[in-house]
Amino acid sequence: VSIGMGHGFLGGEMVSQRQMGKIAGQMVQDYLDGADFAEIDVELDTPKTFLFDENVMKRFGISESQLPEGRELINHTPTFVEKNIAMIRISAVVIALLLVILCVLLADNLRKRHLGQALENAKFSLSRAAKVDNLTGLSNRSVFMESLRKKIDSGREFALVLYNIDHFKEINDTLGHSSGDIVLKEMALRVKNLADARFSIYRLAGDEFTVLIDDTDREVIVDYLKKIQKVFHEPVLLGEKE
């Protein structure tokens, strides 16, 4: 420590006895290692440092941030961080590793969740494709056959309606199959809107549809038939074609 420090002197820029000792020691070490005195450079610049007494700084309310860079302190009271810097560094590394592991686990869990959702969506799509007519969105032939079998096995009476669209082939032949598809979807939607707890509609194939009615009352059945016929009264427009 430079002379005068530790006895009430605040400090400042001063000759560093520590640095002078290091330089002198290095010169002696060089000589002992076999260097000629003539080869050892003479140090002409006096080593200096900024040195301050922390006890005096506290007395006058001087903070370390007010001191020049590169300063040294004596009577310094180590802070909590300085006392535990090694443990803090180890803890920081451990925490960083744990965060990395947590991120990896979260990413893996998210990936598995997305994969699971994709599988569920695929299963739903396959299940739906097996039961729903792709063009009209109505239940398909296989669902109709299953429903019909269940109704027959139950022993309860019901009504079965089969119908198709007259002259549908002419639409495909003159306007094209895309126009025919538009007509099929429109007519399927119109009849589908009639569906209720007793009325179920299915697409068999082409322009052929079937309806199951859970009722044996003739008037109720005839009323449903009239409703089916009525949805065809409103024309379907394909561009300027009716």
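Biologist: What is the relative accessibility of Glu146?

Modeller: This is a predicted model, in which local features need pLDDT of at least 70 and side-chain atom pairs count only at pLDDT 80 or more, while totals for chains, interfaces and linings use all residues. Residues are numbered from 1 along each chain as its sequence is written, and side-chain values use heavy atoms, with hydrogens and water left out. Buried means under 20% relative accessible area, exposed means over 50%, and partly exposed lies in between (1.4 Å probe, protein chains only). Glu146 therefore counts as partly exposed, its relative accessibility being 40%.

Biologist: Which residue forms a salt bridge with Lys150?

Modeller: A salt bridge is a side-chain nitrogen of Lys or Arg within 4 Å of a carboxyl oxygen of Asp or Glu. Lys150 is exposed at 55% relative accessibility, and the closest N and O atoms of its salt bridge are 3.5 Å apart. The two partners both lie in helix α5 (residues 141-154), 4 residues apart, about one turn of the helix; helices (H or I, at least four residues) and strands (E, at least two) are DSSP runs, numbered from the N terminus. The partner of Lys150 is Glu146.

Biologist: Why are Lys58 and Glu54 separated by about one helical turn?

Modeller: An α-helix has 3.6 residues a turn, so residues three or four places apart point the same way. The side chains of Lys58 and Glu54 meet in a salt bridge of 3.8 Å, N to O. Lys58 is exposed at 53% relative accessibility, whereas Glu54 is buried at 8%. They are separated by about one turn because their spacing in helix α2 (residues 54-59) is 4 residues.

Biologist: What N to O distance is found in the salt bridge of Glu64 and Arg71?

Modeller: Side chains of opposite charge can pair when their charged atoms come close. Glu64 is partly exposed, with 35% relative accessibility, and Arg71 is partly exposed as well, with 27%. Their side chains meet in a salt bridge with an N to O distance of 3.3 Å.

Biologist: How many salt bridges does the structure hold?

Modeller: Some salt bridges are linked in a network, which joins Asp108, Arg111 and Lys112. For the structure, the number of salt bridges is 11.

Biologist: Which residues touch the most other members of the largest nonpolar core?

Modeller: A nonpolar core is a set of buried Ala, Val, Leu, Ile, Met, Phe, Trp, Tyr and Cys residues joined through side-chain atoms within 4.5 Å. The largest such core has 22 residues. The residues that touch the most other members are Phe199, Ile201, Phe209, Val211 and Ile213.

Biologist: Which element gives the largest share of this core?

Modeller: Two or more residues come from each of β4 (159-164), α7 (177-192), β5 (199-205), β6 (208-213) and α8 (218-230). The largest share is 5 residues, and the element that gives it is α7.

Biologist: What covers the buried residues of α7?

Modeller: The buried residues of this helix include Val183, Leu184, Met187 and Val191. The elements that cover the buried residues of α7 include β4, α6 (168-175), β5, β6 and α8.

Biologist: Which residues make the nonpolar surface patch of about 590 Å²?

Modeller: Patches are made of residues with over 30% relative accessible area and no salt bridge, like charges being joined within 9 Å and nonpolar side chains (Val, Leu, Ile, Met, Phe, Trp, Tyr) within 5 Å; accessible areas come from the Shrake-Rupley method with a 1.4 Å probe, and for residues only the protein chains shown count as cover. One of the patch members is Leu98, which is found in helix α4 (residues 85-131). Leu98 counts as exposed, at 52% relative accessibility. The patch is made by Met87, Ile90, Val94, Leu98, Ile101 and Leu105.

Biologist: What is the phi of His167?

Modeller: Most residues other than glycine have a negative phi, and most peptide bonds are trans. His167 lies in the loop between β4 and α6 and is exposed, with a relative accessible area of 58%. Although His167 is not a glycine, its phi is positive, at about 60°.

Biologist: Near what value is the phi of Asn75?

Modeller: Asn75 lies in the loop between β3 (72-74) and α3 (80-83). Asn75 is partly exposed, with a relative accessible area of 37%. Its phi is positive in a residue other than glycine, near 55°.

Notes
Contact = heavy atoms within 4.5 Å.
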